[in-house]
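Please open the structure in a viewer and follow the stops below in order. Each stop gives a selection and then describes what is found there.

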Amino acid sequence: MAGSHSRLLTLLTLLALAATSLAGQGSPNPTEMSDRALNSQVVDLVNEGEFLQARPFLQEMQQRLSENGEIDQERLEPIKFFLASSFLQEYQQTDNKDALQKAVASFREYVSTFPRGPRRTLALLNLGDAYTDLGEYDQAITAYTTIYEDRTASGAVRTDIRRMIARTYLRTDQPERGLPYFLEAYERAVLNEEARAEAATWLLQAYLSQGELNEIRPYFRHLTGQRAALFNPQFNVSLIRAGDELFERGNYDFAILFYEIVKEKEDIVAFYESAVERLRSALEFREEGTEEAIQLEQRFREAEANLRAVKEMRDYDADVRWRSARVLLESQRTWEALWSFYNLMLEYPEHEQAEDFLFLAFTQARQVNDSHMLVQLANDYLDRSEYQRFRGQVTLDLATYYQEQDMEDKFFELAVNYLESAEQAQNEVAGQLASLVSIHLLERDRVDEIHERMSRYNRALGELPAAREATQYWSSLALVVAGDYQRGLDSFNDFIDTYGTSSRFSEDAHYRRALSIFGLNRPDEAYEQFVAFVEQFPAGTRRGEAELYMGDIQRGKGQLAEALTHYQLVEENTDRLSFITRAVFAISELHVEKGDNEAAAAVIRAYVDRHGDAAELSEAYLRLGNFAQQLGRVADRFRDNIRGLENTANDPSRYAVDETLINYVRDYPKFVQHYRAAIELIDAMLADSAYRDKIVNDRTAQHQFFQSEAGSKVDPALATKIVRDRDFRRTLAESPQAVLRELRSDYADRLESLQPYSLDSLFARLRANASDPKTVLEMRIAMAQEKMTGEDQLAAFTIDQIKQASPAVMLWRAQSLKSSDPAQASELLEFSMQHHPRSPIIYETLLSKAEIAMERARAEPNTGNWEAALAQFNQVIERFGGRAEDGAPFLAKGEILIQLGREDEALDILSNILRNPQWRGRPHAKAHLQLGLAHYSLGNYGQAHGFFERLMLGFGGFREEVALAYYWDLKTLESMNETESVNQLLAEIRTRSDLEGTEGYRLIKENYAL
C-alpha cells in the first residue's frame, strides 16, 4: 500500500480540486459523451476521490486533446496528474505491482512535463510514496527531498516532509544517512515532547547502525513514558534486532538497555486500542470533509493499521525477557540471571522454551551456590516428567551439590536411584554418577559395596559405553583397595585389554595393575610393570606415585642408591603432598641408615620450608625432634616438638600430633628427673670423696645404687659413663673435682635449657596459638594428662565432642568405656573408622571394636554373639593381617571358632601362629593354650595334654597362660583317667605361689583341693 499522507496531502488535494477547470455533467460511455458531460463526470469522480473509476474518462479527455493538434498544456496538466493518481489508487486497492510501476512512470512524466505545475508537490509526494512501496528508497528520498528543499513550501509542509524523509531513511540499510534530518527534527521539537521522542527513536537507530554507541546516550531519556513513537511496532522490532546485534558483539550493557526499552506486546496493543477508540470518538464530533476531520481520519487509519500489525505479530514478550536474561547470563550477573530465568518459567510455563528457562535458572543457582534455590529448582525440574532434555545434568549437578554439602543420604539416594533406572539413564551422566558413588563409598571405606554395586550397574548399563567403562574401572579398583590383589589384577588386565590407552581411566588402570602385582608380593615383576608404566605415561599424574613404589621396592632389596633416585623423582612428578611426604621421609630414613642424621634432618627442614602449613608438620617436627635427641640436643627435640604441635594440635586430621604429645608428656618429666638426679649424684660425689670412690670403683656399690629408686632416676648416659667408660673413670680419678664440676655445669645447662619447654608452658603455648573452638586441642591435652596421671580427664567431654577429636583420642576414650559402656565405645570406634579411614591407628581401632564384640560374646555366650565377634575379627584379618604383630586377631579367631564348635578350622588358624617366628613369646603361649583347648573339645586328650605341657614347660614367664594350662591339663588328665598324674600336677601347683591371683589359679582352687 502507498505511504499514508500527512496534512500536506489533504490540503494539496483540496486545493487541486478547487483549482481545476473541469466542470459539467457526465455519461457512462466516455466516447459517446460530449466534452461538457465528460468534464462533469471527471469532476464528480475526482471530487469523490474515485481516481480509478475516472481513468477511462480521463483517458478519453486526453485523447480528444491530442486530436486537436496543438495540445493545451494547461488543460492537460490535471488530466496527467489524476491519471497517475488512478494507477496509484489501483495499486492501493489491488496490490498490483504493475499498476504501481505505471504510477511511478506517470508521476515522473508529470513532474518532468510540468516542472511548475500546481500539483507538482503532490505529484512528488505520491512519487515518493510509490517508490517507497517498491522498496526503491533512495528514489523515494529524492522525491521527498525535492519538496523539502523548496523554500516556498510552508513550515508545516516541510515538517511533514522531513518526517517522511526520516521514516524512509529508517527503511534503508544505511539509516545513518538520514542523521541531518533526524537531528534537525530533534532540535526543532523543543516544545513538542511527542515529536522529540519520535526523533530520538530515529537517532537511536541511525547511531546504532554506525556503531556510535556513545552518541546514543543523550537520547535515552526521551525513550520512556507513553509517547506514540515508542509504541511503534517497527521501532520495537528494531530495538530487539539492535539488542541482538549488540549481544553478538559482546556489548552486554547496551544490549540489555535496548531490551528493557522494548514495550511489551500487550502494552502496545492496549496503546493502539486506546488510540483507535479515542480517535473514533473524536471523529464523531468533527464535521465530515473538514481539514481537522481528514487529519483525524488519517490518524485513525494509521492507528488501526498499527493495531492490526501488532496483533498479527508473534508474542515476543517472553523472547525479549529471555534475551535480557541471556545478556545477564553472559555478562556474569548471575543472581539477576537466576531470577530472570526463574520468573520467565513461572510466567510462561507453557512457552516452548520453558524447560530451558528452568534449567538455566538452576545452573545459575548452582553457580552462586544458592542452596535453597538450587535444591528447589532441581527438584522442580525432576518432578516434571515431561522435562527430559536436561534431566541427567540436573541429577548430576544436584547429586554433586549434595555430596559437597556432606548431605550423604540425599546424595546417595539420588545417585543410586538414577543408576538403577537403567532405561532412563544417560551415558555420560551415568558414568559420572558411577564415579561419584564409588568415590563416596571409597571415602567411607565401604570397598566391598563398591565392587558389588559397580559390577551390578555394569551389567544393567552395559549398553552405555561411558557407564560401562566407569563401572568396570571402579569395580576393579575396589578389589585392589580391598587387598584382593589377584582378582584386582585379573580385572585390570581385562580392562586394559578392552580399552588400552583410550580410556580416561587408562593411566590409573596401568598403575593399579602394577600396584596389584606389588601387593601380591612379586616385587621384581611389580618393578618391571612400574617401569613400563612410567615409560608409557612419562608425564602422567601417577608418575610420582609409581616412583615412590619403585623406591620402596629397591629399598627392600637393599639397593639404596637406586631407591634414593626414585624417591627424589617423586616430588618432580606429583602434586599430591601425601606421596611427596612419604618420599621425603623415606629419603630422610635412607640418610639415617647411612648414619647421617644431619642430612636426614636437612631433608625434612627443606620439605617444611617448601610446603609450609600444608606440610605434614606434626610428623616432620616429630622426626626432627628425634634426630635432635639422637644427636644429644634434647632441648632442641622439645623445641621441634612444640613447633609441630603449635600449628596442628587443634586439627583432628593431623594424626602425628597424638604421638608427639604423648611422647612429650612422657619424656619431658623423665629428662628433667634424669638431669636433676644426675646433679644430685655429682654433688654427692663432689662433697664426699669416699662416696665418690665407692661409686666409681666398687662394683657392688655401683650395682646397688643404680638399681635403687634414687639411682634409677639418674641419666642413663651418666650411669653408663661411671659403670662402663674406662677413659672417663681414669680421667675422673686424675682430676675428680675438675671433671665433676664440668659435668655438673653441663647437666645444669641441660636442665636450664629444658625450662622453656615445661608441660605447663607447652599447654599454655598450644592454647594461645590455637584458634577457637579449641575443643580438639583440649581433648588431646586431656588424653595426654590422663595417660600421665591416670586420672579420668576425658569424662568432662560429651560423646559428641569426642567424635570431633582425633582417632587416637576416640580410641583412648573407647578403651576406657569398654567395661562401663561397651555399646557406646563400639559406636565411637565405628564413627572413628568412618570419618578417619586412613588413620595410622585404624588397625588398633578396628581391633578394639572386635575385642568389644568378643567380650560381649564371653559375657553372653550364644551363637549370634560369637558369630558377630567372628565377623569383626575376620574384617581385621582381611584388612590388616600383615600388621598383626602379636597375632591377636588370629588368636581371637581361633578361640571363637572353638566356641562355635569349628575346632578343625581353629586348629589351622592356631597352627599357623606357631609357624610364624615373629610371634614368639606370649602369642605362641596363647596359641598353645588354644590348641590344647581345641583338641580337648574334639576329645583328642593326648594331643591336648601335649600342648598344655609344652606351654607349662616352655613359657613359664607368662603367668596367666601357664595357670590356665595347669587348670585345663588337670581336666584333660581326669578325662584320660590319669589319677596319679592329676595328683602329681596338683602337688606341683602347690609349689607355684607365683601363679596366685591369676584366673587359672582361681579355677583350680574352686575345683580342686589345694
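Select Asp95 to begin: in this predicted model, its relative accessible area is 47%, so Asp95 counts as partly exposed, lying between the 20% and 50% limits. Asp95 belongs to the loop between helix H4 (73-94) and helix H5 (97-113). Its phi is positive, about 60°, although Asp95 is not a glycine.

Is Asn521 buried or exposed? With 65% relative accessibility, Asn521 counts as exposed.

Another loop to display is the one between helix H40 (759-769) and helix H41 (775-789), where Pro773 is located. The peptide bond leading from Asp772 to Pro773 is cis, and its omega is near -10°.

Now turn to the aromatic rings, for which the count is 34 aromatic pairs. Select Tyr148 and Tyr181: the ring centres are 5.6 Å apart and the planes stand at 65°, so this pair is edge-to-face. The two residues are 33 residues apart and link distant parts of the chain, with Tyr148 in helix H7 (residues 137-148) and Tyr181 in helix H9 (residues 179-188). Tyr148 and Tyr181 are both buried.

The next selection is Tyr473 with Phe505, a stacked aromatic pair with 4.3 Å from centre to centre and 10° between the planes. This pair also links distant parts of the chain, 32 residues apart: Tyr473 is in helix H23 (residues 465-481), and Phe505 is in the loop between helix H24 (485-499) and helix H25 (506-519). Tyr473 is buried at 4% relative accessibility, and Phe505 is buried at 8%.

Two further aromatic selections follow. Phe51, Phe81, Phe82, Phe107, Tyr110 and Phe114 make up one aromatic cluster. Arg446 is placed over the face of Phe412, at 5.3 Å from the ring centre.

Finally, display helix H31 (residues 617-630) together with helix H33 (residues 656-687). Their axes come within 9 Å and cross at roughly 30°; angles under 35 degrees count as roughly parallel, so this description applies to H31 and H33. Their crossing is left-handed. To view the contact, select Ser618, Glu619, Leu622 and Gln629 in H31, which meet residues of H33 including Ala656, Val657, Asn663 and Phe671.

Note on methods
Residues numbered from 1 in each chain as written. Predicted model: local features only at pLDDT ≥ 70, side-chain atom pairs only at ≥ 80, totals over all residues. Heavy atoms only, no water. Phe/Tyr/Trp six-rings, centres within 6.5 Å; stacked < 30°, edge-to-face > 60°. Helix = DSSP H or I, 4+ residues; strand = E, 2+ residues; numbered from the N terminus. Buried < 20%, exposed > 50% of the residue type's maximum accessible area, 1.4 Å probe, protein only. Lys NZ or Arg CZ within 6 Å of the ring centre and 35° of its normal. Axes fitted to C-alpha atoms, helices over the stretch in contact; angles between N-to-C directions. Parallel < 35°, antiparallel > 145°, perpendicular 65-115°, else oblique. Left-handed = near helix turned anticlockwise from the far one by under 90°. Contact = heavy atoms within 4.5 Å.
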